[in-house]
Amino acid sequence: MLKTIFPTLTRFRFAIQILMLFVTVYGGVLLGNYTVDRISQALPSLACAYDKSTGDHCILIVNQHQFHHRIGEALVKAQEVTYKILIPTMISVATFFAFFFFLNKAFCGWVCPMGTVQEIVYRIGRKLGRPLHRFDRGNVGRVRPVKWLLLLVLVLGLPLLAGLGTVSNELGDPFCQVCPSRLATTLLTADTEQIAVKTSSGIGFFLGALGNTLFGFVIIAALVARQPFCRICPLLSWNALFQRLSPMQLVKKQNDKCDKCSVCEKACPMDIHEIGREYGRKAFHEDCTLCGRCVEFCPDDDVIQIKFLGMPLFRSSREQYKYRVKLETPEGTSKKRVIPILPKPVSDNG
Amino acid sequence: MRMNAIGVLLLVFAPLSTATEPPRAVVQGGHDHAAMSDAMGVRDMPITTAWTELPTLKTKMSGANRESRIITVMPQNIVAASIDAWSNNLQDADAHRQLPMELGGARLDKPTTGGFQMLTAREERRDAVHVASTVYYFGERSAKNPTAMFMRQKNELEIIPQPFPREHSRYRANEDWQFLARFNGQPLAGQKVDLLTSNGSRMVLMTDAAGVLTVHVPDDFKKIEEVKQGGGHDHSPRRGADLVLATQHVANGKTYLTAFNSTYGPDAFDQRSLALGLGFILLGMIGATPLLRQRKNKKPVVVNTNNKES
């Protein structure tokens, strides 16, 4: 029955993504106005506090608050960093981890509303026959440090400095001000307030302008590149800090055929080339979102698996591979007809 | 038995010619801290009753930091021996507390469950009952849904927010919010309710057949001068003002007057530019447009979907 409704992992994941999109964007409407106080307020995926109907908040807004209001303020007042300051921060991290423990980075690949929006836009791009831009093995390394930089500067550094009084209070939650998910999710609730750029101060204006420009860029880029914002999202790096501590893992066995294949690399929306040539721990890369496409498109039985507590939840199989490639290419282009309003692309790797 | 309340209330509002203190205007960045500040009371704001003679409850924060914060509830235009605090958790020991009045007000300690607190003050005279009510919010993870607490009957005549703005949100100008007016638990259809704001707005509204009042929060901030705040962070409000909803009902020879007060902020687009925002989004889109073009002289790579080698 379940297999009839969800013949592929991708379809099952997409159903979960849509469900979670409703929870993270419209959860307050669906589950009650005050739901936002009651689930976690430390979700391991983007869920915007600016969205007036969201069902939960992401961990990043909480982190920024704590570095801004608690740690920074405590340090500037030369108080001891007592349990009253550390405990709330630790509770947030513990709450986050209580969720993260079970799903690991699947929060990125299955729950995050911004990830879902980008995937939908990418599908539109495939339907329109647009080219696909990828990071190859030589240049993917250039973009990967950006997510760590954003985590250190925008989520932790500037909020802490704002709490210390070193920089303006307007830099108390700078990541939220540039996060495209803030605009995407509030727009999905027909709220245009967040699009409007603040004009009351230079910093507010700069952050708003930067955030809006980034949002515009991401929406167009998502037509031709998979998950463009995910690659620099500080939540990806935050989650990567904990990814080895969850029983949910991506596991890959060594296989001699992998050197000649690389289909899983092409299937990976994050351009993790290590999945094709590495195995063991190295195959579960920090950029992995546990979307499972590499498992679906691996043509050999049991080479790649998603395991929970050592038990395989989903594993590669030749039968699944054959079924998947009938539907779409590993890059995600449907084998069905594209909308012929634009010139046909040269290839997926254009 | 219902009686027209507006006549009495108009007499109350008529002498409001004293100077209204302009709300302190502070510009802050980031998310809507003012929303939390408003629900959490105003730090060190002086007591001012000049803008209304209706019974209200003002909450005040004092203390150097979050850990030493003291919340004081100050009744205005009402004489009450204590303040009733209703917790969103109806099951615990803090579900209903009576906070004794001390010099300067009643101290409101954070209950273990946190979340929303409904505060009411009651004054009984021989033939009249006056009630003031407001909502205070303690930020707390996993706080219980306060809807049942709001709906629980606390006094005869009540104005109940439906819903109250949640964390990171608040009443704002040009927004529509709903309230339920009821007497002894029964909705009051066609009940006149007065809305007053500390910015000087006055209007008379009426509940619908279900006793629900829809309030369009007035946009009356236009002439308020802003004051920019320097460094440091103290959760002070941005631009904010007070509003109060009041209604009156006569039954069993007694006149019941109830008022619900809260704070509200300026319009969502105040000091923001939608046109500029759209312009920057367009700029980003234009920046990404070259990616939409096909690359030339790129050798096609065909994926071996049959994978015959494996």
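**View 1. Confidence along the chain.** In this predicted model, helix α10 (residues 202-221) of chain A has the highest mean pLDDT of the chain's elements, 97, while helix α3 (residues 59-76) of chain A has the lowest, 77. Here pLDDT is the predictor's confidence in each residue, from 0 to 100, and helices (H or I, at least four residues) and strands (E, at least two) are DSSP runs numbered from the N terminus. For chain A, the mean pLDDT is 88, and 92% of residues reach 70 or more.

View 2. Helix α16 (residues 318-327) of chain A has A:Q320, A:Y321, A:R324 and A:V325 buried (under 20% relative accessible area; exposed is over 50%, partly exposed in between, with a 1.4 Å probe and protein chains only). These four sit on the same side of α16(A) because they cover an arc of only 125 degrees around the axis, taken from the directions from the helix axis to the C-beta atoms.

**View 3. What α16 packs against.** The buried residues of α16(A) pack against α2 (9-31), α13 (263-267), α15 (293-297) and β4 (311-315) of chain A. Chain A holds 16 helices and 4 strands, and 62% of its 350 residues count as buried.

**Notes.** Residues are numbered from 1 along each chain as its sequence is written, and chains are lettered from A. Local features need pLDDT of at least 70, and side-chain values use heavy atoms, with hydrogens and water left out.

Methods. This is a predicted model: local features need pLDDT of at least 70, side-chain atom pairs count only at pLDDT 80 or more; totals for chains, interfaces and linings use all residues. Contact means heavy atoms within 4.5 Å.
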